[in-house]
Amino acid sequence: MTQTMRAIEITKPGGPDVLQPTERPMPQAGHGQVVIKVAFAGVNRPDALQRAGMYAPPKTASDLPGLEASGVIAEVGAGVTDWAVGDKVCALLPGGGYAEYVATPAAHCLPVPEGMDMKQAACLPETFFTVWSNVFTRGGLKGGERFLIHGGSSGIGTTAIQLAQHFGARVFVTAGSAEKCAACVELGAERAINYKDEDFVEIMKEAGGADLILDMVGGDYIPRNLSALADDGRLVQIAFLQGPKVEMNFAQLMTRRLTMTGSTLRPQSDLAKARIAQDLREAVWPLLAAGKIAPVMDSTFAFEQACDAHARMETSTHIGKIVLEIGGA
């Protein structure tokens with residue numbers, strides 16, 4: 001391998017145009033790590049937040065954006081026994097995915113599912129780790145329950161719809177256009193609510209209330225979410241696109257036995273992420289290999305067009321995942 005590589009760096013906090021190509025030293029595989037020659041990298045909201053100066057990477061992580069990628073293992077560190085050079089993988093990353101090579105813990109890698117190409121595989125880790133840990137582990141979703149997903153046409157939303165529907169839940173979503181609502185229904189949602197024209201609180205109340213809500217909006221959605229829950233319902237918060245602060249009356253948490261929880265993926269320990277990877281390998285990867293679920297793809301941008309990929313995401317008109325082609329395959 002060469003000593004330097006191409007990468008996309010954040011030159012300063014700002015809009016998409018601050019993403020610029022650069023040369024960086026090659027990463028090396030530390031103990032328990034692998035280095036991946038990147039084929040494709042997923043583009044996610046946290047990348048945009050980091051670019052804007054609103055989401056600092058952990059001190060031990062690369063300052064380059066990119067939290068998921070697919071590719072071929074190019075180097076194996078000491079202590080790694082599950083992977084070998086040449087293995088095709090997709091991986092959850094601590095950062096650094098917008099580059100030709102990236103290092104990550106070996107336990108955060110998963111095989112590229114049978115029958116799936118590298119482009120699709122790059123869309124799996126960040127989204128599936130997030131959905132599995134928040135919806136099924138933390139949220140405890142069970143078959144037959146009413147499940148409301150905000151942002152149903154996003155990468156998170158399209159993944160949550162498919163997994164929840166497969167495991168027998170009744171799926172409701174919110175989305176901002178007729179096209180997005182139709183896409184969600186096609187994926188398996190029982191009811192898609194256009195939040196610009198309809199009140200999700202009233203619709204969920206008519207359905208009996210949501211047993212679980214997955215929310216990335218925050219702001220004034222928080223009290224509305226509690227109103228939309230059934231008694232003993234759970235709200236799982238994974239982002240605050242409209243802000244984390246709101247004034248509300250919490251008495252109904254006691255009177256209606258509601259649960260509010262949430263998590264972010266990136267700051268969790270390597271062990272916690274390894275456990276999620278193992279759960280996915282056992283419960284979800286066979287479904288991907290069998291073609292029962294699949295990532296919904298929006299668009300692909302060339303390595304040098306990272307700024308255009310971010311601009312596309314920030315229009316919020318996309319349906320599904322956006323990827324960068326780094327090395328292809």
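Begin by selecting E100, which counts as partly exposed at a relative accessibility of 24%. The model on the screen is a predicted one.

**The partner of E100**

The side chains of R6 and E100 meet in a salt bridge, with 3.2 Å from N to O. This pair links distant parts of the chain: R6 belongs to strand β1 (residues 4–10), whereas E100 sits in the loop between β5 (88–92) and β6 (101–105), and 94 residues separate them. R6 is likewise partly exposed, at 27% relative accessibility.

**Two further salt bridges**

Salt bridges in this model number 13. For another of them, select R191 and E198, whose closest N and O atoms are 2.8 Å apart. R191 has a relative accessibility of 28% and therefore counts as partly exposed. E198 is partly exposed too, with a relative accessible area of 27%.

Next, select R224 and D199. These residues form a salt bridge in which the closest N and O atoms lie 3.2 Å apart. Here again distant parts of the chain are linked: R224 is in helix α7, D199 is in the loop between β10 and α6 (200–207), and the two are 25 residues apart. R224 is partly exposed, with a relative accessible area of 28%; D199 is partly exposed as well, at 33%.

**The open sheet**

In what order do the 6 strands of the open sheet lie? The order is β10-β9-β8-β11-β12-β13, and the pairing is parallel. At the edges are β10 (191–194) and β13 (259–262), each of which pairs on one side only. From one strand to the next, the twist averages 20 degrees.

Focus on β12 (residues 229–237), which pairs with β13 in the parallel sense over 4 bridges. Within this pair, R234 has T259 in β13 as its bridge partner.

Then show helix α4 (residues 155–166), which lies across β8 (146–149), β9 (170–175) and β11 (210–215). Helix α4 runs at about 170 degrees to β8.

**An enclosed helix**

Select helix α3 (residues 125–138). Why is this helix described as largely enclosed by the rest of the structure? The reason is that 12 of its 14 residues are buried. Among the buried residues are F128, F129, W132 and F136. After α3 comes G140, whose phi is positive, near 65 degrees.

Select H318, found in the loop between α11 (306–315) and β15 (321–325). Is H318 buried or exposed? Its relative accessible area is 9%, so H318 is buried, the cut-off for that term being under 20%.

Which residues are in contact with H318, leaving aside its neighbours within four places in sequence? They are R45, S153, K180, D298, R312 and M313. Of these contacts, D298 may be selected to end the tour: the C-alpha atoms of H318 and D298 are separated by 6.1 Å, although the two residues are 20 residues apart along the chain.

How values were computed:
Residues are numbered from 1 along each chain as its sequence is written. This is a predicted model: local features need pLDDT of at least 70, side-chain atom pairs count only at pLDDT 80 or more; totals for chains, interfaces and linings use all residues. Side-chain values use heavy atoms; hydrogens and water are left out. Buried means under 20% relative accessible area, exposed over 50%, partly exposed in between (1.4 Å probe, protein chains only). Contact means heavy atoms within 4.5 Å. Two strands pair if DSSP finds at least two bridges between them. Axes are lines fitted to C-alpha atoms, for helices over the stretch in contact, and angles run from 0 to 180 degrees between N-to-C directions. A salt bridge is a side-chain nitrogen of Lys or Arg within 4 Å of a carboxyl oxygen of Asp or Glu.
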